[in-house]
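Please look over the structure shown below before reading the notes that follow.

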Amino acid sequence: MSGGEVIRVESLVKSYGDGGEVGPISLTVRRGDVYGFVGPNGSGKTTTIRAILGLLRPTSGRVEVFGMDPWKESKRVNALIGYSPELPSFPSFLTARQVLEITGRLKGLSGSELKREVERVLDLTGLVNHAGRRIGNFSKGMVQRLSIGQALIGDPELLVLDEPMLGVDPVGRVQIREILLDVRRRGTTILFSSHELYEVERLATRIGMVYLGRTVLEGGIEEVLHHDGSVRVKAVTRSAPGEEVIESLRRIGGVMDVSADGNSVTVVADDSVDVRDQVAERLVLSGCGLLEFRTERSSLEEVFMGRVRSLGRG
Amino acid sequence: MGAVDVLVVYELRRVLAKKRVLVLIAAVFLTEAGLYLVITRLPPSLLGPTSSYIWMLGIVAPTLGLLQVTSLMVGSTVFSDEYEAGTSDFWMTRPISRTEYYIGKVLGGLALVLIIISAYTALSVSIAWSVFGPQQRLDLLVTSLPASVASSLPFYAIGLAFGEALRRGILATVLSGLTFFGSYIFEGYANIVAALSDDRALLELSQLLPTWGSTRITTDVLVQGLTGSGLPSTGILSFLAGSSGGSSLSLMLLNVAAYTAIALLLAWLRLRTSDVTRRAQ
């Protein structure tokens, strides 16, 4: 494991008793990364995360966290990690404060230091007024916020979050996003999985994409967003362009795809060719009238769907 | 506060939050009260000098079955409840080793069993003293209390092992309960057949059953303590001697220790070597 690497997963394969298998999955998370781990349900994200935490033993492949094998050295590894699971569960008879205190104690905090840390996290997660309530009476969003909170206790070096936005209402989402942005600013390394590709695009500095149990793409956010090598030219016209106009746009060199939805036209082109002048010219000359014209890079969702489609064809 | 201490306290609170365990604990105490209530209906002449030793009945009665059932119910939920509730993830992602988790949980459940035994022992002595007058040989509590704990151990451990192996609380309770009642019934049946046919081999075979040591050891300790105390060989002494079966205490200890150790070892190996399973969705 080279310096600066916090997590290294190499060709992780996990076979389950029912014949199911996940892998090979590989990923590398470096110190300070905010690593977005994306992929559809059942693609192996949670299996990978559980192997990183030492909750399951890989069938083959290697997992190292801070240079340690989490299966063999789970105590030392977990001392450096804060973890929030997908669908978090806490003992329902405990209060939020008790969960945070237990976590703090196990992380070596005590006395006034523990008290201060618990109050800090209660404040950060907006649970101050619910600290004495039993978790059994909490809403799903409150449990999710508590889950993020207990992961932050003791200021861990690595934060592992499995679907942190799952089941959270829009207000809760904003709060969680702000917490994560704050943690990111402080330089904490974060690995998080999510189906919310928009959130991943906003938060992540690196992306790992898994599909059908395998890693299909990994890299910095900018690198991944340009992975398909395309650029989108979007235009809004005064009147809807006819089929002959669309066809003329398709004939421009470097254009890969053209789609129209009413007055809105999207041209996907090879990003090594600048097609903007020709697209604008043909739309204007067609008499449709040009109201808006802009170029956009691919969104993570588009990259993801493009990748899924190409793998599906393969 | 170390990891094991945190887990012991947590485990006590967790088990006490379970309704079915609370119901069973209540049943133990009601049995104690009911036992003495029934004895007050006996003519005083029938009790004679044994009324000064009547506290022992309240110690022996639960160890003939109720204590084992309570212990297996407590034991079978120690690990399985965490898997079912999805809270095993919570514990296993804290900075604690699997060994600490195991020791803390096992000791926590055991602490509750110890509290139950201590409480019904105190209740028994209190009722006996207040209803039947001053009680004698209370010094035997020093040996009967550990013996009662030993009584509870095999089925606490068997419940625990089923709970860890199956990771389903109800199923673990049913299977460890079946083990208890199956062993109990088979032992009684074997004893009757052995008595009718004078078959020593069958009696020795029944000593291998998990109920054999567990249901006799407390009685045996009290019988040995009372022997030579000048008590007539009728009444309470003959009742106790009949319950103990007059077998060797060391054999009973061996039986209890073997079942406890094997079950605890199996649970430990399962926990140490298998993945932490997620809650059934």
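Two residues are taken to be in contact if their C-beta atoms, placed from the backbone, lie within 7 Å. On that basis, the contact between the chains takes 19 residues from chain A and 21 residues from chain B. This is a predicted model, in which local features need pLDDT of at least 70 and side-chain atom pairs count only at pLDDT 80 or more, while totals for chains, interfaces and linings use all residues. Residues are numbered from 1 along each chain as its sequence is written, and chains are lettered from A and ligands numbered from 1 in the order in which they are written.

**The side of chain A that touches chain B**
- Helices (H or I, at least four residues) and strands (E, at least two) are DSSP runs, numbered from the N terminus. The contact takes 19 residues from chain A, and the elements that give two or more residues to this side are α2 (74–78) and α3 (96–106) of chain A.
- The largest share, 4 residues, comes from α3(A).
- By class, this side of chain A has 11 nonpolar, 4 polar and 4 charged residues, where Ala, Val, Leu, Ile, Met, Phe, Trp, Tyr, Cys and Pro count as nonpolar, Asp, Glu, Lys and Arg as charged, and the others, Gly among them, as polar.

**Chain A as a whole**
- Chain A has 11 helices and 13 strands, and its C-alpha trace spans about 75 × 45 × 40 Å along its principal axes.
- The domain assignment, whose bounds come from an automatic or database source, gives domain 1 (5–225) and domain 2 (230–297) in chain A, with their C-alpha centres 43 Å apart.
- Of the contacts in chain A with a separation of 6 or more, 68% are between residues 24 or more positions apart.
- Buried residues make up 40% of the 314 residues in chain A; a residue is buried if 20 or more other C-beta atoms lie within 10 Å of its own, exposed if 12 or fewer, and partly exposed in between.
- Helix α1 (residues 45–52) of chain A is mostly covered, with 8 of its 8 residues buried, including Lys45(A) and Arg50(A); Gly54(A), which follows α1(A), has a positive phi near 80°.

**Helix packing in chain B**
- Helix α4 (residues 55–63) and helix α12 (residues 210–226) of chain B pack at an angle of about 160°, with their axes 8 Å apart; axes are lines fitted to C-alpha atoms, for helices over the stretch in contact, and angles run from 0 to 180 degrees between N-to-C directions.
- α4(B) and α12(B) are therefore roughly antiparallel to each other, given that angles under 35 degrees count as roughly parallel, over 145 as roughly antiparallel, 65 to 115 as roughly perpendicular and the rest as oblique.
- In this pair, Met56(B), Ile59(B), Val60(B) and Thr63(B) of α4(B) meet Thr215(B), Thr218(B), Thr219(B) and Leu222(B) of α12(B), a contact with 4 nonpolar, 4 polar and no charged residues.
- α12(B) also packs with helix α14 (residues 249–273) of chain B, at an angle of about 140° and with the axes 8 Å apart, and these two helices are therefore oblique to each other.
- By class, the contact of α12(B) with α14(B) has 8 nonpolar, 4 polar and 2 charged residues.

**Leu112(B)**
- Leu112(B) lies in helix α8 (residues 98–132) of chain B, and counts as buried because it has 23 C-beta neighbours inside 10 Å.
- Leaving aside neighbours within four places in sequence, Leu112(B) is in contact with Leu12(B), Val15(B) and Val74(B); Val15(B) is 97 residues from Leu112(B) in sequence, yet 8.0 Å from it in space, C-alpha to C-alpha.
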